[in-house]
Amino acid sequence: MIWDDEKWKGLVGELVQMESPSGFSEGIEQVQERIVNELSGLDLQHRFHRTENGPILEIFREVEGKKGALLLGHADTVWPLGTLDQMPFREEGNRLYGPGVLDMKAGLVVGTAAVQDLTATTPFCWLITPDEETGSEASRRIIQKRARQASATFVFEPGGGDGSLKIGRSGVGAYRMAILGRESHAGLEPEQGASAIRELAQQILWLHSLENRVLGTTINVGVVEGGIRPNVVAGSAQALIDIRVRTQKERDRIEQLLSAPPQFDSRVRTEYHGSFSRPPMDHDSRAQVWFRLAAEIWERISGLALSGINVGGASDGNFTAKLSPTLDGLGAVGQGAHARHEHVVWDFMKWRYALVKELMEQAEEDEKDEDLRINWT
Ligand SMILES: [Zn+2]
């Protein structure tokens, strides 16, 4: 097959017009069914796994004695039902707009086109999940299981604006700081009180002292609340905190510090509750081999250099990076994921398709001597 612009543009339009916010199983399944339908003429198998967050679609081809690539996509978007009314699917010059077009309906089309044109003996497994945008709670286990069985993992999250791949993703921690102080009258007996708000202020300064921008560790206190009246020493306070780390070592350091925080006022009790939902994704040497291969292919087909970027946002690639060499950001290229101006630059699509197809063929390897194909050094 040769890339068919009109056909695939039509499919992007169809998928964008099937609204599929996380939690809306009906829309998610509609997107998944449409892809099954598009691939129905091929010798492929598929199955649905039902979960409390909606169906997980698995499309695969097994070849005796061979391992293949794991492809990761998600059918859910961050856009609530009805968004299409204000943000309809539209084409302007070389760009396509609409809710979820970049993250990741057009990425699903890159995958569909690549699978459709794949050598008929190449094994692979493609998961299209329903809950990536809300943390992949129900999909995480099967993603990890399939990653262990795969020779490489390719993720259809959007690439950078110049087509670059995402070679590092932060791990994300969500924490709540809970402080219990002691109330008293601010005028009559201030010394009897132990202010939770004063402690909170000092805890926030302490938290920021833990950041390390060079290593990519950031801490944001995004919400604070506490106290009841101006003339009462505050008896309780809390804050909600977002933490991003690029390495496991930084995650361990932060977790340890939060498990035993300092006490600025010994009469006050401070606790941090929370955890990291996704581990950091860093590029190990095996992933670097794949990145170099991707860069060679990309330059040959598009004439452009391929760069790798580190980003703060997490994806399902965070789950797989430790289990199989992972390339992320192989989906569509554009701007504005999760924003009103979300769009795809169409010219990149044919190159993305060709890149993914070739990577999938390279990922086919014999189970017994998997190290022969690529020398992991
Ligand atoms: Zn996404």
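The exercises below, each with a worked solution, concern a predicted model of one chain.

Residues are numbered from 1 along each chain as its sequence is written. Because the model is predicted, local features need pLDDT of at least 70 and side-chain atom pairs count only at pLDDT 80 or more, whereas totals for chains, interfaces and linings use all residues.

**Exercise 1.** Determine whether Val223 is buried or exposed, and which residues it touches.

*Solution.* Begin with the location: Val223 lies in strand S11, residues 218-226, where strands (E, at least two residues) and helices (H or I, at least four) are DSSP runs numbered from the N terminus. Next, apply the burial rule, by which a residue is buried with 20 or more other C-beta atoms within 10 Å of its own, exposed with 12 or fewer, and partly exposed in between, C-beta atoms being placed from the backbone. Val223 has 11 C-beta neighbours inside 10 Å and therefore counts as exposed. Finally, leaving aside residues up to four places away in sequence, Val223 touches Ala239 and Leu240, a contact being two such C-beta atoms within 7 Å.

**Exercise 2.** Work out the strand order of the open sheet of four strands, and which strands stand at its edges.

*Solution.* The order is S5-S6-S17-S16, with antiparallel pairing, and two strands pair if DSSP finds at least two bridges between them. Strand S5 (90-92) and strand S16 (334-335) stand at the edges, because each has a single partner strand, so one side of each lacks a neighbour in the sheet. Further in, S6 (residues 95-97) and S17 (residues 343-345) pair over three bridges, and Arg95 has Val345 in S17 as its bridge partner.
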